Amino acid sequence: MNAVTAGGGPKRVPVRYVRRVRRRRSRLRRAFLVFLLVLGVLAAAVFAGGLLVVNRLNGAVVPGNLLGTARAPRGVKHGPLNYLLIGSNWRNDNPGNGERADSIMIVHIPRGAKSGYLVSVPRDLYYTIKPYSPTGFEGSTEKIDAALNYGGMPLMSQTVADLTGLKFNGAVEARFDGFKKAVKSMGGVNMCVDEKVVSVHIGRDKNGHYAAPYTNLTGTPQPVPGVTPQVYYPGCQHLAAWQALDYVRQRELLPGGDYDRQRHQQQFMMAVLKQTASTHTMSNPIKLDRVVHDIGSSMLTDTNGVSVTNLVLMMRGIKASSLVGLRTPSYPDEVDGTSYVMPDDGTPELWQALRDDTLQEFAKSHPELVNPLNTGGS
């Protein structure tokens with residue numbers, strides 16, 4: 001391996017340096033495997049010894065029929081590929097509360113599988129959800145996140161497919177409790193907070209006990225006297241699993257509302273990648289086994305009949321630096337006293353770019369819709 005000296009001639013790079021660079025790249029690629037699992041892509045780069053991790057993943061993931069009629073044809077080898085990631089608010093300790101989509105994200109892998117796009121769909125998007133006979137749901141026009149409650153992942157997937165005109169190559173549903181378990185197995189995550197975030201869910205009373213700091217979360221949040229809310233201040237910091245989960249759920253008191261939350265969710269995913277790479281999780285066999293098992297078992301996955309091993313082989317060229325976060329062109333509004341998010345004139349253009357595999361051009365034309373993902377965390 002040669003480099004060029006200041007005088008223009010070749011300079012021999014020490015073999016030990018080359019090996020260090022390769023080891024760093026190998027760790028990053030192994031971390032990318034876990035990162036994409038969190039995203040729902042279920043793929044990564046091929047690396048020395050990587051198939052051992054892939055085989056472990058094959059045994060850890062919990063399969064399910066999540067796509068229903070939104071399933072893409074099988075056999076696509078080089079893209080474009082589209083995966084649906086749904087974050088559910090289902091709680092094992094409160095099943096009577098139902099289930100809605102806390103986050104809706106499309107992971108788009110362009111043809112050639114050298115880059116990736118994270119497209120967040122507003123959970124409050126005003127949309128007509130079609131009838132779903134298996135559950136007796138008659139259809140309604142309301143927030144798009146309700147599709148998960150009326151018909152589970154098959155209806156949720158079909159509703160996003162109706163919205164975008166896409167068919168999906170795979171899907172993942174990550175539930176509230178599973179998310180926390182997966183992040184806990186990694187020892188938390190290092191993340192750079194880009195704005196002051198006040199929690200409406202977690203606080204402490206005068207005795208230091210956990211208590212809800214706000215009420216009326218479906219309207220204008222009202223502070224609870226005597227309860228101090230959890231606050232996340234700007235700057236790079238380590239978040240425990242419960243903090244990370246709380247942080248990425250916040251929107252009520254943020255100036256940009258759900259748009260800020262979508263950006264924070266995308267940034268969190270990038271932080272997970274950096275965390276797994278920098279803490280050498282992948283070089284610790286015991287910790288690696290626990291992380292892979294916890295992440296895989298915390299999610300329901302539908303890989304559309306493609307093994308995780310083949311997904312790894314298909315996407316070995318993706319790098320973290322190539323990931324781009326996008327938000328859906330839309331604006332907040334009210335209908336009959338209920339707050340919603342409405343699509344604007346640019347929304348059909350985004351869906352067209354997804355279908356045509358031209359998101360790179362779309363992002364260049366709409367820099368205001370691009371979310372910064374590399375926030376400096378390590």
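R100 lies in the loop between strand 4 and strand 5; helices (H or I, at least four residues) and strands (E, at least two) are DSSP runs numbered from the N terminus. The model is a predicted one, in which local features need pLDDT of at least 70 and side-chain atom pairs count only at pLDDT 80 or more, while totals for chains, interfaces and linings use all residues. Residues are numbered from 1 along each chain as its sequence is written, and side-chain values use heavy atoms, with hydrogens and water left out.

With a relative accessible area of 28%, R100 is partly exposed (buried means under 20%, exposed over 50%, partly exposed in between, with a 1.4 Å probe and protein chains only). Apart from neighbours within four places in sequence, R100 is in contact (heavy atoms within 4.5 Å) with G87, S88, N89, E142, K143, D145, A146, L148 and N149. The C-alpha atoms of R100 and N149 are 5.4 Å apart, although 49 residues separate the two along the chain.

## Overall fold

The protein chain contains ten helices and 21 strands. Of its 378 residues, 52% count as buried. Among contacts with a separation of 6 or more, 68% are between residues 24 or more positions apart.

## Nonpolar cores

In soluble globular proteins, nonpolar side chains tend to be buried together. A nonpolar core is here a set of buried Ala, Val, Leu, Ile, Met, Phe, Trp, Tyr and Cys residues joined through side-chain atoms within 4.5 Å. The largest has 39 residues, of which L84, I104, I106, M156, F168 and L359 touch the most other members. Two or more residues each come from strand 4 (81-88), strand 5, strand 6, strand 7 (126-129), helix 3 (147-164), helix 9 (347-356) and helix 10 (359-365). Helix 3 gives the most to this core, namely eight residues.

Beyond four places in sequence, F168 touches residues including L67, Y83, L84, I106, V160 and N304. A second, separate core of 32 residues includes L81, V107, A244 and F268.

A cavity is a set of points on a 1 Å grid over the protein atoms alone where a 1.4 Å probe fits but cannot get out; lining residues have an atom within 4 Å of a point. There are three cavities of 30 Å³ or more.

Note on methods
On a 1 Å grid over the protein atoms alone, a cavity is a set of points where a 1.4 Å probe fits but cannot get out, and a pocket is an open set with protein on both sides within 12 Å along at least five of seven lines; lining residues have an atom within 4 Å of a point. Grid points are joined across faces, edges and corners, and a volume is the space filled by probe spheres set on the points.
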